[in-house]
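Here's a quick briefing to read alongside the model. Have the sequence and the 3D view open as you go.

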Amino acid sequence: MSEIEYPHIEFVEDDSSEPNSAATGLVLPSQVLPKRIYLLPVSSRPFLPAQVQPLMVNEDPWEETINRVNKTGHHVLGLTYTQPPENGASEEPDTNDFAEIGCAVRIHNTVKVKGKLQFIAQGLQRFRITQWLRRTPPYLVEVDYPEPKEENRDEQKAYAMAIINAIKELLPLNPLYSEELKQYVNRFGTDDPSPLADFAAAITTAEGPELQEVLETIPILRRMEKVLYLLKRELEVAKLQNQISHEVNRKISEHQREFFLKEQLKVIQKELGLSKDDRTADVEMFEERMARLKPPAHVEKRFEEELQKLSILEPSSAEYGVTRNYLDWMTQVPWGIYSKDKLDIKKARKILDKNHSGLDDVKDRILEFLAEGVYKGEVSGSILLLVGPPGVGKTSIGKSIAAALGRKFYRFSVGGMRDEAEIKGHRRTYIGAMPGKLVQALKEVETQNPVIMLDEIDKIGSSYQGDPASALLETLDPEQNVEFLDHYLDLRLDLSKVLFVCTANQLDTIPGPLLDRMDVIRLSGYIAEEKVAIAKAHLWPKLLKRVNLKASQLSITDAALRRLVEGYAREAGVRNLEKMLHRIVRKAVVKLLEKEAESIRIGVDDLVAYLGQPMFRPEKTLKGVGVVTGLAWTAMGGATLPVEASLIHSANRGFKLTGQLGDVMKESAEIAYSFVSSHLKQYKGNPEFFDKAFVHLHVPEGATPKDGPSAGITMATALLSLARNQAPKANVAMTGELTLTGHIFPVGGIREKIIAARRSKIYEVLLPEANRRDYDELPDYIREGMTVHFVSHFNEAQKILFS
């Protein structure tokens, strides 16, 4: 159908054309309504001919439409139902969305109110769109006005009486129906079936499509049949609503007018048989929970007291909420519920080997601990402390212990914790009081013998609110935690069956009394071979599974893994190694999606393209007069520590230190300087060398703070090399504390230091004689290929280094 534009034409009937009702009698609506009218869409519900009600529309884009209608003599506008627009959709509907049949209305009293146009619409007659004359606002159409055919008057009268009786039944239930009926009676007679049917449909709460169906039904009998169904349904809804309202009002009067909607919901639930009194429901729930548990006598006694208190309190009182919360927590603690331990050493070893590569000495310690439990029939009464650098698998070992025992596992971090209430709970008198983390853990795992991991115990804090480390003393003492007291529950709780596993990066910051209660297991870190094995067996398959890739689509060579370990991830743990591998996987996935290749194999030469230049260059061992390689321990693992001594001038005696050294390390340097100066003749040096020499001692990587006594032997060797003008033995590293009389005292971190030496391809090391035991306890794969000299005095060291 072609679109016809009528920009300035107003279709208005001439006054002379309107018949005089006095002269000609009644006039049919079709004789005075225009054939061309402007359209306005309505989306909430269709407008019916018997209605008179105010409407409000936006000025944009409907102001032009209303203005044009007001300029006509008849003021007739077509209202057509459209589906409500979706969120964000334009208010202007497509012409295909307009219903074919709408309602012609006469508009009165048009006013503007804050960007809106408001007018009163008086329903006149149905119309049918026969032709679109304008398809954009203001919409203009050509219409006709269908009239119903004559039908059986007796049937019409019967339906009319049924409709009127239904309306009479509705009137007492809702006073608003009375006002609507008065308006109708003022405009129409009760014996006219067509407007009666339209009026009856309009007063219902039916949906828009149902009312549009009534509007489009021209035959009177069919229309009245549809309307009668809507009325009957409306009557049932109104009766049910009235019944609910009466019941609610009765409840309100009994309970000092409680919240109306809440009571209305309760009545509905009561009608359906789904609700109980709050207090009764709570009491039954708590009794049911406690019946499934095996609480000790003192817990049962407290439970009965609190339950009795709850049963006499009003649910609206504040004390009711406090008591209910207390009983809720009390009945969720697994009193007397224990999981059965799987005491199988062979299976435990398989689980540890499956989840962890390397760490054989750590696994042996854990199996020894479990074996003791197997022998006595239960694992309890011990607190393990796993100490090691970040990323070496402390947390995962805790999970493996739980899996080996068949126990539930719960982990929470105490790092930065400053309030002892986090451990022992708050007093019940405080608003928002809660039990401590331990009670929360038992509630979560639903057994009284889980494995609980306290992570980052070396980073626990303290403040004016209390000292959590002191609160842990009772928790982690097998002699005391049999009667652990949580402040919130105020009940003795047996934690002796709980296996506590703590983790830390270092021991220095853990309070002595707390450390004394723990069995320390050290995880020193991985050597390159172990990291390659871990990446190949664990990290790489896990990352492929995470992105749903097959091994045939993406692979990496062993040589590339070794280069990755040595050049990009030298830290003691494997966390950074996993990040680097994940980075490779992400970039490879992009190439696969862009169809650059069907499968990718990562080799040594590809690493720079995926990861950039290596962050770690091959460590070049410094050599020469006055240059010695030491070994150091850090929280991230072991490291080589070169020491350089240089003669600045011989004008006067002097000694200068650089390299951001700590106080202890400065004292070690001064001790070394004093010792070498006083024994220079004994060590075949010029006795007068230091009398006039200004010596500068430097420890490279000056941006890194350094401290500790273990570099004493290294500094003394550097100074002796400078005084003798002889380079020490090449590719030898050393560690040990030097005294003023030349004795070599033991130091810590032997495993980490040996690993650091191997990483730098140094296979000859000097260690204090007192550390022989620590070295002998190292796994064979770490000691393999190493030549170690154990010295107790500097005399022995200089013979080895300057022979």
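Predicted model: local features only at pLDDT ≥ 70, side-chain atom pairs only at ≥ 80, totals over all residues.

Residues are numbered from 1 along each chain as its sequence is written, and side-chain values use heavy atoms, with hydrogens and water left out.

**The sheet**

- Five strands make up an open sheet with parallel pairing, in the order 8-9-12-7-13; strands are DSSP runs of E of at least two residues, helices are runs of H or I of at least four, and both are numbered from the N terminus.
- Two strands pair if DSSP finds at least two bridges between them.
- Strand 8 (409-413) and strand 13 (519-522) sit at the edges, each pairing on one side only.
- From one strand to the next, the twist averages 20 degrees.
- Strand 7 (residues 383-387) pairs with strand 12 (residues 499-504) in the parallel sense over five bridges, and Leu-384 stands opposite Val-501 in strand 12.
- Helix 13 (residues 360-376) lies across strands 7, 12 and 13, and runs at about 155 degrees to strand 13. Contact means heavy atoms within 4.5 Å; axes are lines fitted to C-alpha atoms, for helices over the stretch in contact, with angles from 0 to 180 degrees between N-to-C directions.

**Aromatic pairs**

- The count comes to 13 aromatic pairs: rings of Phe, Tyr and Trp (its six-membered ring) with centres within 6.5 Å, called stacked with planes under 30 degrees apart, edge-to-face over 60 and tilted for the rest.
- Phe-98 counts as buried at 8% relative accessibility, and so does Tyr-139 at 2% (buried is under 20% relative accessible area, exposed over 50%, partly exposed in between, with a 1.4 Å probe and protein chains only).
- Ring pairs link Trp-62, Phe-98, Trp-132 and Tyr-139 into a cluster.

**Charges over rings**

- Arg-428 lies over the face of Tyr-326, 3.7 Å from the ring centre; the rule asks for NZ of Lys or CZ of Arg within 6 Å of the ring centre and within 35 degrees of the ring normal.
- Lys-443 lies over the face of Trp-329, at 4.4 Å from the ring centre.
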